[in-house]
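Hi everyone, thanks for coming.

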Amino acid sequence: MSIRHSGRRLRAATLWSPPACLHHSAQTSKVTVDWPRSCRAVASTPTAEKVLFPGALNSEFTDSLEFLRPGANKAIPTYRVLNQYGEVLDKEIGVDTSDEEALALYRNMVCLSIMDLLMFEAQRQGRLSFYMVSAGEEGISIGSASALSPTDVVFCQYRESGVYLQRGFTLADFMNQLFANTQDCGLGRNMPVHYGSSALHIHTISSTLATQLPHTAGAAYALKLQNLHNPATPPRVAVCYFGEGAASEGDFHAALNIAATRQVPALFICRNNGYAISTPTSDQYRGDGIASRGAGYGIATLRVDGNDIFAVRRATKEARRLALADGGKPVLIEMMAYRVGHHSTSDDSFAYRQRVEVEDWKRRDNPITRLRKWLEGRDLWDEDKEKELRGRTRKEVLAAFERAEKLKKPSIRNAFVDVYEELTQEQRMHVEELRDLLRRYPKEYDMDQYEGGVGALDELLAEGQQAKNIPT
Ligand SMILES: Cc1ncc(C[n+]2csc(CCOP(=O)(O)OP(=O)(O)O)c2C)c(N)n1
Ligand SMILES: [Mg+2]
């Protein structure tokens, strides 16, 4: 099937639409979902031309014994708006991004790449414990985030700092999390780069690969009901970012299948960057990328050139529209962009890939240079503007970095609270043990850098006693 969008065609494999099964009762304001418990199984008549069976609907009978041989088919095409030289492919359709928007996207991509470069160096200097760059994938995160609604619910993997930046996460927010200081909205509980922001509707990143996929399916199911329940409120989708390596986890399959069977408004955005740390895609799968799996689950699917920010934006916008149509349905987009950087600061990718491979990709294509070429072609950008932007952004990143580095660490009490409503007996024992240990070895554990020092643990224990009226 093909999707029409403002006169242009985005081809996608839309295989199945559910019957209308959601009901909203005005009297009770209750939402009920009638899921078909069984499929209409119509026994084939002697003259039937198709299989009519719960497990395979509308399959035509054939007398030719031919196996499906995916390798013999043409690969799923890759959607683009611009070519490598930053030229619009279809002049009639053009670009649906204003000049101001394109400039803002460009500035954000440059900002992300400068922040990445400086933080990578800071880790090498021992000032940060860990970092992950998005080099080569800035167009995917920033372009797709620019096409979402600010209230959509987002789940990231870890290489999507651009999603945060585009949704309004400030340089200070990034730096405060990286240093786990008192202003880190995660209260210092996570390792660097595991950002989260309830204000921006982005769930906190979890290192455990692929867990974000079933979470997204669940959130999208809740949103499906909410959208129906509150028709006056703009509808929302749940958006999931994940790598092609994460798609090897069982969670990927469970999430796509339940999203499809429940027809929930979920956008699954796969970043296919060719590697899962040191494992190349050739060791990861034999099929046609991740897109081919979407079709298997009956999900509308599109493959996109991730170096083309205009294609990423247009595809995401259209996918979001599709995901909300007819009460909801999942959509999968596979975005292709080579991972130019090392996996993380703990990795040296030249141990498993040739330098020339990386240099080749850097030279050949990049989302930042492609957009720059387009901007220059329209006289919107030049070398002077580039120098000014880079100089200014570098200063802004460094200023936020230096400020965050000087702030204290959050109180050590945050290691214990917010799990149970009040400390359990076992937790109290842990707090006491930690407090005594920290007091016994002050030279080994410098607690002055933590807000409230060791005393924060005395306060935590006293709070529990007061709440229970236990005399201190
Ligand atoms: C459940 C689980 N298994 C393994 C790991 C170790 N690990 C961390 S990142 C990664 C590679 C993921 O690759 P991909 O999903 O392609 O994302 P990319 O790093 O390429 O952006 C692996 C195997 C993990 N974090 N969690
Ligand atoms: Mg990958």
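Let me start with a question: is Asp288 buried, partly exposed or exposed, and why? Before I answer, please keep in mind that this is a predicted model.

Asp288 sits in the loop between β11 (279-280) and α7 (291-296). Asp288 is partly exposed, because 17 other C-beta atoms lie within 10 Å, and a buried residue has 20 or more. Who are the neighbours? Setting aside residues within four places in sequence, Asp288 is in contact with Pro70, Ala75 and Ile76. Take Pro70: it is 218 residues away from Asp288 along the chain, yet their C-alpha atoms are separated by 7.9 Å.

Among contacts with a separation of 6 or more, 73% are between residues 24 or more positions apart. The protein has 472 residues, and 38% of them count as buried. Its secondary structure comes to 13 helices and 13 strands.

Now to the sheet. There is an open sheet of five strands, in the order β7-β8-β9-β13-β12, with parallel pairing. β7 (153-155) and β12 (300-305) are the edge strands, and each pairs on one side only. From one strand to the next, the twist averages 15 degrees. As a reminder, strands of a sheet pair through backbone hydrogen bonds, either parallel or antiparallel.

Let's go along part of that sheet. β7 and β8 (residues 238-243) run parallel and are joined by three bridges; if you want a pair to click on, Val154 has Val239 in β8 as its bridge partner. β8 and β9 also pair in the parallel sense, over six bridges, and there you can find Tyr241 opposite Ile269 in β9.

Which of its residues are buried on each side? On one side they are Ala266, Phe268, Cys270 and Asn272, and on the other Leu267, Ile269 and Arg271. So both faces are covered, and seven of the seven residues of β9 are buried.

What lies across these strands? Helix α5 (residues 212-229) lies across β7, β8 and β9 (266-272), and runs at about 170 degrees to β8. Leaving out residues up to four places away in sequence, Ala220 touches Val237, Ala238, Ala259, Val264, Pro265 and Ala266.

α2 (138-145) is mostly covered, with eight of its eight residues buried. The partners that its buried residues pack against are α1, α3 (161-167), β9, α8, β13 (331-336) and α10. Now look from the side of α10 (residues 367-377): its buried residues are Pro367, Arg370, Leu371, Arg372, Trp374 and Leu375. What covers them includes α1 (99-124), α2 and α8 (309-324). After α10 comes Asp379, which has a positive phi, near 60 degrees.

Speaking of positive phi, here are two alanines for you. Ala180 has a positive phi of about 50 degrees although it is not a glycine, and for Ala210, also not a glycine, the value is about 80 degrees. Where are they? Ala180 is in the loop between α4 (171-179) and α5, and Ala210 is found in the loop between α4 and α5 too. Are they buried or exposed? Ala180 is buried, because 21 other C-beta atoms lie within 10 Å. Ala210 is buried as well, because it has 23 other C-beta atoms within 10 Å.

Last stop, the ligand. How many residues surround ligand 1, and which are the closest? There are 15, and the closest are Leu209, Gly243, Gly245, Ala246 and Ala276. By class, that shell has five nonpolar, six polar and four charged residues. If you look back at the sheet, Gly243 belongs to β8, which covers residues 238-243.

Definitions and conventions:
Residues numbered from 1 in each chain as written. Chains lettered and ligands numbered in written order. Predicted model: local features only at pLDDT ≥ 70, side-chain atom pairs only at ≥ 80, totals over all residues. Pairing = 2+ DSSP bridges. Helix = DSSP H or I, 4+ residues; strand = E, 2+ residues; numbered from the N terminus. Axes fitted to C-alpha atoms, helices over the stretch in contact; angles between N-to-C directions. Contact = placed C-beta atoms within 7 Å. Near = placed C-beta within 6 Å. Nonpolar A, V, L, I, M, F, W, Y, C, P; charged D, E, K, R; others polar. Buried ≥ 20, exposed ≤ 12 C-beta atoms within 10 Å, placed from the backbone.
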